[in-house]
Amino acid sequence: MRAVLDVVMLALNLYVWLLIASAVLSWLIAFNVVNTRNQFVSMVWDFLYRITEPALRPIRNMLPNLGGIDISPIILLLVIFFIQSVISRYVYPNVF
């Protein structure tokens, strides 16, 4: 059972890094630092969008309109950190 929890924690850590990469790439695209006409950038952006959007969309629908500011990745990161904390403090020590 601990191996399953280790895989879950690893997957959550990987998803955190994908969220951070998606947020940074969206800023770079918004400020015209990188060009989405580049095939590599377009492929990376498409991959990150497809991976993160299903988790971010429900959060965006619940949040009020804040203008051009999108805080949904921050909220999702806080939820992931909370889940990791619950697993490491309460679930993992009680598994034999």
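**View 1. The buried side of helix α3.** In α3, residues S72, P73, L76, L77, I80, Q84 and I87 are buried. Buried means under 20% relative accessible area, exposed over 50%, and partly exposed in between, with a 1.4 Å probe and protein chains only. What covers them? The cover of the buried residues of α3 includes α1 (2-30) and α2. Contact here means heavy atoms within 4.5 Å.

This is a predicted model: local features need pLDDT of at least 70, side-chain atom pairs count only at pLDDT 80 or more, and totals for chains, interfaces and linings use all residues. Residues are numbered from 1 along each chain as its sequence is written, and side-chain values use heavy atoms, with hydrogens and water left out.

**View 2. The other face of α3, and its span.** Turned away from the buried side of α3 is a face with the exposed residues I74, L78, F82, R89 and Y90. At 1.5 Å a residue, the 20 residues of α3 should span 28 Å. The end C-alpha atoms of α3 are 27 Å apart, which agrees. The expected span of a helix is 1.5 Å times one less than its number of residues.

**View 3. E53 and its partners.** The structure holds four salt bridges. A salt bridge is a side-chain nitrogen of Lys or Arg within 4 Å of a carboxyl oxygen of Asp or Glu. E53 pairs with R57, their closest N and O atoms being 3.9 Å apart. Both lie in helix α2 (residues 39-62), four residues apart, about one turn of the helix. E53 is buried, at 8% relative accessible area, whereas R57 is partly exposed, at 43%. E53 also meets R60 in a salt bridge, at 2.6 Å from N to O.

**View 4. From helix α2 to the loop.** Where does R60 lead? R60 forms a salt bridge with D70, with 2.9 Å between the closest N and O atoms. This pair links distant parts of the chain: R60 sits in helix α2, and D70 in the loop between α2 and α3 (72-91), ten residues apart. R60 counts as partly exposed, at 32% relative accessibility. D70 is partly exposed too, at 39%. Salt bridges link E53, R57, R60 and D70 in a network.

**View 5. The whole chain.** The protein chain has three helices and zero strands. From the N terminus on, its elements run α-α-α. Helices (H or I, at least four residues) and strands (E, at least two) are DSSP runs, numbered from the N terminus. The radius of gyration is 16 Å, well over the 12 Å that the globule rule gives for 96 residues, so the chain is more spread out than a compact globule. That radius is taken over C-alpha atoms, and the rule is 2.2 Å times the number of residues to the power 0.38. Along the principal axes, the C-alpha atoms fill a box of roughly 50 × 35 × 20 Å. Of the 96 residues, 25% count as buried.
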